[in-house]
Amino acid sequence: MTDKVWYQHYGNDIPTELNINAYPNVIAMIDEAVGKFGDKTAFQNFGAKLSFGDLDIASRKVAAYLQKTLGHKKGDRVAVMMPNMLGFPVAMLGILRAGLVQVNVNPLYTARELQHQLDDADVETIVLFTGSTPVLAEIIENTPIKNVITVALGDLGNAALPSPPVHEGISESTPFTQVLSEGENLKFDPVEITQDDLIFLQYTGGTTGVSKGAMLTHGNLVSNVLQYRAFSGDLVHEGEELIITALPLYHIFALMVNFLSYFLAGAENILITNPRDMPAFIAELQKHKFTMITGVNTLFAGMLMTPGFEKCDFSNLRNSAGGGTAVQKAVSDRWKALTGGHIREGYGLSETSPILTFNPPKASEFRSSIGIPIPLTDISIRDDDGNEVDQGQTGEICAKGPQIMKGYWKREEATNEVMTDDGYFRTGDVAYMAEDGYFHIVDRKKDMIIVSGFNVFPNEIEAVAAELDNIAECACIGVPSERTGEAVKLFVVKAPGKEITVEEIQEYCRKNLTAYKNPKEIVFIDELPKSTVGKILRRELRTV
């Protein structure tokens, strides 16, 4: 890579070159950390603690059980469906040790969304929170699932912690505690894992409304961890970090940054199971002198608005990182006034493991910018014909680097659509590079809506709403929301001579879509604006 404009901000602190082959796989990183920090606390949840050594031992039991009892072979997919709880890192490292591919599932998914993911990834084993079993029970007969492992909040820690019972519709399941006890007496056979082997199927929305699995490899994650560590420099103090993980670990941002990157640095990780319960979240924060916290704009804003947050001890806080959606200057300014530091915004996607750009450590003031590319990452701004535009001109962000996915699972055509002839990934986001080398997003090429940092694709919402008999057609757009950044607004054309209410549509959407995808506003309209070939013109709906 030749000298880039943004290298002026690297100085002597950020390297332009890295040895991404330093580790053959993510497990080698994990083993190194365990060797260095064995007795130190790695994860904490509801007061219960797991040391690096505890996690290592427990994960080997899980790996042995998956191999010997369930007969899993390298490359098999195993779904993990839980919020942030101690079972997550143990299950994950067990899955990875056995050479299996983890399919990350949002525990708030509806039955419809869950079924698609399990079918698409051909998953025979699912490890899930007991509280998510009712959703699985609805569709398990229509999926490839053969093995159900259930995890309670108190597993691996405070056994008295209440957890919902396993739904009666799940006829056979194995408690996680039983997996650990049986695994203790089984021999784990180490598996040869290379950087080319898959580590995660990270599902993300598509323009067709069908969620696609981004195939992330061990090499992708090793690279992004090393890129983040090299870029962060003095922001990370090995062996001294205490990180707050309120973002869900099934989301690639928290998974790569909070879990893998900070695990390698010997961090103590405080897992927040339900950050929506702001008073309880703030009460937990008050117990810790945390050094690092990640979030989306709405989470930071929520903390600032919750009484008691001002009583937290911010004396050790070195890094507040925001992603998923734009961080608002007003929120960062209020954050800095209270904590002493601004929020550093970064940018990435599920397909990019995820980080492509970040605001550098020495940036002392907030910028309404996604920052600059991290080491070994090239960003090219291109027009609709794939030609690079002049600096300062807007175009689509196209990215190249070792963190870019292998492709979409079983979707070669979709993969080809997002890759340029010269190997760049087309993000669908429109931006420009300023004179100083910082990048600024101005729009999205896709019709994607971002609600609290989560991607929402209009086609999916429209496909669900259109199933209602009394709807002739519908279309949705994202509209500004103070609370969530954007919210879903649905325009509905009633079927001729038929009636349907806003409440009926909302109720149906609630049954079939995760909460953040639900339309917050529904408007009835006589006809939808369309092009000459009949394509719905969503942009024109913004003026309706």
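Start with helix α10: its buried residues pack against α9 (278–285), β12 (292–295), β13 (319–322), α11 (329–339) and β25 (485–494). Packing here is contact, meaning heavy atoms within 4.5 Å. Helices (H or I, at least four residues) and strands (E, at least two) are DSSP runs, numbered from the N terminus.

Before going on, the ground rules. This is a predicted model, where local features need pLDDT of at least 70 and side-chain atom pairs count only at pLDDT 80 or more, while totals for chains, interfaces and linings use all residues. Residues are numbered from 1 along each chain as its sequence is written, and side-chain values use heavy atoms, with hydrogens and water left out.

Back to α10, residues 297–305. Eight of its nine residues are buried, so the helix is mostly covered. Buried means under 20% relative accessible area, exposed means over 50%, and partly exposed is in between, with a 1.4 Å probe and protein chains only. The buried ones are N297, T298, L299, F300, A301, G302, M303 and L304.

Six of its eight residues are buried, so the rest of the structure largely encloses α13. Those six are P458, E460, I461, E462, V464 and A465.

Now a helix pair. How do α1 and α8 pack? Helix α1 (residues 26–37) meets helix α8 (residues 252–264) at an angle of about 55°, with the axes 8 Å apart. That makes α1 oblique to α8. On the cut-offs: under 35 degrees is roughly parallel, over 145 roughly antiparallel, 65 to 115 roughly perpendicular, and the rest oblique. Axes are lines fitted to C-alpha atoms, for helices over the stretch in contact, and angles run from 0 to 180 degrees between N-to-C directions. On the α1 side, the contact uses V26, M29, I30, E32, A33, V34 and F37. On the α8 side, L260, F263 and L264 take part.

Next, the cores. A nonpolar core is a set of buried Ala, Val, Leu, Ile, Met, Phe, Trp, Tyr and Cys residues joined through side-chain atoms within 4.5 Å. The largest has 175 residues, and I126, L136, F176, F263 and M303 touch the most other members. Helix α8 gives this core its largest share, 11 residues. A second, separate core has nine residues, including I477, F491, L528 and L541.

Two loop residues. Q195 sits between α6 (176–183) and β8 (198–204). Is Q195 buried or exposed? Buried, at a relative accessible area of 17%. Leaving out residues up to four places away in sequence, Q195 touches I20, N21, Y23, P24, T217, H218, G219 and V222.

K445 lies in the loop between β21 (439–444) and β22 (449–451). K445 is partly exposed, at 30% relative accessible area. With the sequence neighbours up to four places away left out, K445 touches D384, E396, R426, G428, D429, V430 and R539.

For C476, the nearest cysteine sulfur is that of C474, 7.5 Å away. C476 is buried, at 0% relative accessibility. For C509, the nearest cysteine sulfur is again that of C474, 8.2 Å away. C509 is buried too, with a relative accessible area of 0%.

Notes:
A disulfide is a pair of cysteine sulfur atoms within 2.5 Å.
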